[in-house]
Amino acid sequence: MLKTISELDDFFLSYMPSSSSTGSLRDSRLERMDVVLKRLGNPERSYKTIHLAGSKGKGTTASIIAVAINCCHKCGLYRSPHVYDVRERFTLSGAFFPESDYIDTANEMMERLSSLEFRPTTFELYTAYAYLLFKNAGCEYAVIETGLGGRLDATNTIESIMEILLPIEMEHTDILGDTIEKISVEKSKIIKRNSIVVISDVCNEAYSIFEKEAQSLGCPIHSFKNEIRGYEHEEQAECSITSFSINEESFTYRTKLRSVEIGKNYATATLALKCLGLMTSDAVRAMEALRIEGRFEERKVDGRKIVLDVAHTKHSMENLVSAFNMIYERNKTAVVYSSVAGKNYEAMLSVLLDNFNQLIITKAGSFKKSEPEILYAKAMEMKKPDQRVYLIHDEKTAYEHALRLGKVILITGSFYLVGEFGGI
C-alpha cells in the first residue's frame with residue numbers, strides 16, 4: 001500500500017521500459033491500454049473529454065482551457081511531462097487534488113491491476129491513473145494532452161467531444177516520421193467521428209492533413225486562420241497583451257505567460273471554449289490569472305533574475321528569446337541549456353547563439369537520455385569567436401557557474417532540465 005506522494009512517484013518510475021523494448025511496446029500500446037482500462041471499469045467514459053495533439057503548445061493550451069472550464073464544471077487536466085512534482089500531471093485544472101485522492105486512487109489501481117498478464121509502461125500507468133483519478137474526484141470534464149504523437153499514444157483511448165490540433169515541427173522523427181506531413185498524419189489520428197475539431201495556427205501542410213482527416217469523419221472544423229480576426233500581441237515589462245476577435249466579439253488578455261505563440265494558444269483556447277459554449281467572464285479572469293510551471297517562470301535569487309522556460313522546439317525557442325529580449329538585457333545574460341535526445345537541438349542552439357554570448361551546456365536531468373557532449377561539440381562549431389561556450393555535466397554546477405557569469409540567468413531547452421531547479 002502506498003502512503004506518500006514520494007512513494008507514488010517511485011511506483012510509476014519502477015515501470016519504465018528498457019530502451020530496447022520501447023518500439024515493440026509502442027506498437028501494442030492501444031491493445032494493452034484497452035485491457036488496463038477494462039480492469040479499471042473504463043473510468044474515461046465518466047466525463048466529457050477534450051484531446052490535444054501537436055508539437056508545441058499542448059500543455060499551455062490544455063491548461064488555459066481547463067482553468068476556464070473549471071469556472072463552471074469540475075475539470076481534470078492531464079499533462080506531461082511534469083516539471084517539479086509528479087502531481088502536476090494530474091490536476092484539478094492546475095491545482096492539486098487532496099493528497100488522499102492521489103494515494104487512494106493509486107492503491108485502488110494497484111489492486112485492480114494486480115493480476116495483469118503483462119507489465120504496463122510508466123506512461124500507460126500515468127494515463128490510466130489520470131482517468132481513474134478524475135472519475136473518483138467527480139470530474140465532469142477532462143482535458144487530455146497526448147504524450148508523443150497521437151495515433152498510438154496511450155491517451156488515444158478516449159471518445160473525445162473535441163480535438164485540438166496544434167502547430168507541428170520536426171520532432172521524434174525516428175518514431176513519428178521524417179516530414180511534417182508524416183508527423184501530422186500521426187497527430188491527426190486522435191480525431192474521432194462527429195466530434196468538433198479545432199485547428200490552431202498551423203502550417204499549410206499540417207492544416208491540409210488535419211482538414212482531410214476531420215472531413216472524412218464528419219467533423220465540423222473551426223480554425224485559427226478562418227475565425228480569429230485582428231490578432232495582435234505585444235510584450236510589455238509587466239505582462240503580455242494579446243487581442244483578437246471571434247465573430248465580432250473582442251477579447252483582450254493581459255497575462256504573465258509570454259510570447260506570441262502563447263498568445264495564439266489563448267486565441268485557440270478561446271475559440272474552443274466558444275465552440276463548447278463554455279466561454280464566460282469568469283473564464284476570462286481565470287485564464288488571465290493562470291501561471292504554469294516552467295513557462296516563462298521568473299524568480300529572484302540573491303539579487304539576480306532567473307527565468308525558467310521549457311522551450312524545446314525551434315519556434316518555441318525563438319518565441320521565448322523574443323519575449324525575453326523585450327524585458328532583459330541579452331549582454332548581461334548567461335544561458336544554461338540542454339536537450340533530450342531526438343530534439344532539433346541544432347536549430348535551438350542557432351537561436352541561442354544568435355542572441356547570447358554566454359552559453360553553458362549541461363545534461364537534461366536523468367529521466368530521459370541527453371547527450372551534452374554532442375550539444376557542446378555542435379555549439380563550439382557554430383559559435384562566433386567572441387562567444388563563450390562551456391560544458392558542465394552537473395546541472396547544479398552549471399547553474400552556479402551561470403551565477404558567476406550573468407546578472408540574468410535563462411535556464412531552458414528541456415522539461416527535465418528545468419525540473420532540476422524547483423528548489424532555487
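I note that the model is a predicted one.

I then took the strand as a whole, residues 408-412. Five of its five residues are buried, so β16 is largely enclosed by the rest of the structure.

Next I looked up the neighbours of β16 in the sheet. Strand β12, residues 304-309, runs parallel to β16 and is joined to it by five bridges. Within this pairing, I found Asp-309 opposite Thr-412 of β16. Strand β13, residues 333-337, is likewise parallel to β16, again with five bridges. Here Thr-333 has Val-408 of β16 as its bridge partner.

Which order do the strands of the open sheet follow? I read it as β11-β12-β16-β13-β14-β15, six strands with mixed pairing. The edges are formed by β11 (297-301) and β15 (388-391), each of which pairs on one side only. From one strand to the next, the twist averages 20°.

Strand β14, residues 358-361, pairs with β15 in the parallel sense, over four bridges. I recorded Leu-391 in β15 as the bridge partner of Ile-361.

I turned to the helices on this sheet. Helix α14 (residues 345-353) packs on the sheet and touches β13, β14 and β15. The direction of α14 makes about 170° with that of β13. Helix α13 (residues 314-327) lies across β12, β13 and β16, and I noted that α13 runs at about 165° to β16.

My last entry concerns a helix pair. Helix α1 (residues 5-13) packs with helix α6 (residues 122-136) at an angle of about 130°, and their axes are 8 Å apart. That angle makes α1 oblique to α6. On the α1 side, I listed Leu-8, Asp-9, Phe-11, Phe-12 and Leu-13 as making the contact; on the α6 side, I listed Thr-122, Leu-125, Tyr-126 and Tyr-129. Sorted by class, the contact of α1 with α6 has seven nonpolar residues, one polar and one charged.

Note on methods. Residues numbered from 1 in each chain as written. Predicted model: local features only at pLDDT ≥ 70, side-chain atom pairs only at ≥ 80, totals over all residues. Heavy atoms only, no water. Buried < 20%, exposed > 50% of the residue type's maximum accessible area, 1.4 Å probe, protein only. Helix = DSSP H or I, 4+ residues; strand = E, 2+ residues; numbered from the N terminus. Pairing = 2+ DSSP bridges. Axes fitted to C-alpha atoms, helices over the stretch in contact; angles between N-to-C directions. Contact = heavy atoms within 4.5 Å. Parallel < 35°, antiparallel > 145°, perpendicular 65-115°, else oblique. Nonpolar A, V, L, I, M, F, W, Y, C, P; charged D, E, K, R; others polar.
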